[in-house]
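Work through the following exercises with the sequence and the coordinates side by side, and try each task before reading its solution.

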Amino acid sequence: MKTAFAPIGVCWEITTRCNYNCRFCYAKKNLPELSFKKQKQLISILSNQGIKYISFTGGEPLLVNKIGELTKFAKSKGMFVDLCTNISHLTKQKLLAVEKNVDIISLPLDGSAEKIIFKIRGTKNHLQSFNNAIKLIKKSKIKIKINTLVCNYNKNDLKNIFNIFY
């Protein structure tokens with residue numbers, strides 16, 4: 001007997017716009033984004049199909065003008081909301097815009113040293129931005145999830161990455 005499969009969660013690449021140059025990024029650059037109305041319609045469709053978890057990813061989802069309203073709409077549909085950001089655009093103002101509607105913020109930490117992170121993400125000063133983001137988020141009730149892409153550049157640094165937190 002066949003059983004119907006319905007996923008409980010989705011990762012939505014809401015934008016391909018991003019200021020990082022990650023070597024591993026699969027986002028195709030400069031793809032058109034849905035209008036705000038169509039974005040809300042998609043959230044409704046997902047909710048009506050039983051989706052209980054939505055991760056707003058990109059690109060960089062904090063570049064989406066109405067990300068706060070979209071997280072609020074997803075939350076109103078009963079979804080668990082994850083905001084997966086590269087942290088470069090995370091400000092107190094943007095955190096306040098999503099604070100009541102985001103359950104968890106996913107942050108990248110791919111190395112314990114800037115030179116490793118630069119090789120992977122193509123950006124400078126990520127560790128300082130990461131530490132600032134952690135301090136900012138800890139003042140809210142949002143939980144934090146750390147994502148680490150394991151690759152040749154950091155495979156010998158995993159213990160050091162872990163030790164940053166313990």
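**Exercise 1.** Decide whether I164 counts as buried, partly exposed or exposed, and find the surface patch to which I164 belongs.

*Solution.* The relative accessibility of I164 is 37%, so I164 counts as partly exposed, given that buried means under 20% relative accessible area, exposed over 50%, and partly exposed in between (1.4 Å probe, protein chains only). This is a predicted model, in which local features need pLDDT of at least 70, side-chain atom pairs count only at pLDDT 80 or more, and totals for chains, interfaces and linings use all residues. Residues are numbered from 1 along each chain as its sequence is written, and side-chain values use heavy atoms, with hydrogens and water left out. In the chain, I164 is found in the segment after α6 (158–163), where helices (H or I, at least four residues) and strands (E, at least two) are DSSP runs numbered from the N terminus. Together with F162, F165 and Y166, I164 forms a nonpolar patch on the surface, with about 470 Å² of accessible area in total.

**Exercise 2.** Identify which residues have the most contacts inside the largest nonpolar core, and which element gives the most to this core.

*Solution.* The element that gives the most is α5, with six residues. Not counting residues up to four places away in sequence, L83 touches F56, P61, L62, I67, V98, V102, I104, I105 and S106, contact being heavy atoms within 4.5 Å.

**Exercise 3.** Classify the aromatic pairs of W12 with F56 and of Y53 with F80.

*Solution.* Rings of Phe, Tyr and Trp (its six-membered ring) pair if their centres lie within 6.5 Å, with planes under 30 degrees apart counted as stacked, over 60 as edge-to-face and the rest as tilted. The count by this rule comes to two pairs. The ring centres of W12 and F56 are 5.7 Å apart and their planes stand at 40 degrees, so this pair is tilted. Because W12 lies in strand β1 and F56 in strand β2, the pair ties together parts that are 44 residues apart in sequence; both residues, W12 and F56, are buried. For Y53 and F80, the centres are 5.6 Å apart and the planes at 10 degrees, so the pair is stacked. Y53 counts as partly exposed at 25% relative accessibility, and F80 counts as partly exposed at 35%.

Technical notes
Patches are made of residues with over 30% relative accessible area and no salt bridge: like charges are joined within 9 Å, nonpolar side chains (Val, Leu, Ile, Met, Phe, Trp, Tyr) within 5 Å. Accessible areas come from the Shrake-Rupley method with a 1.4 Å probe; for residues, only the protein chains shown count as cover. A salt bridge is a side-chain nitrogen of Lys or Arg within 4 Å of a carboxyl oxygen of Asp or Glu. A nonpolar core is a set of buried Ala, Val, Leu, Ile, Met, Phe, Trp, Tyr and Cys residues joined through side-chain atoms within 4.5 Å.
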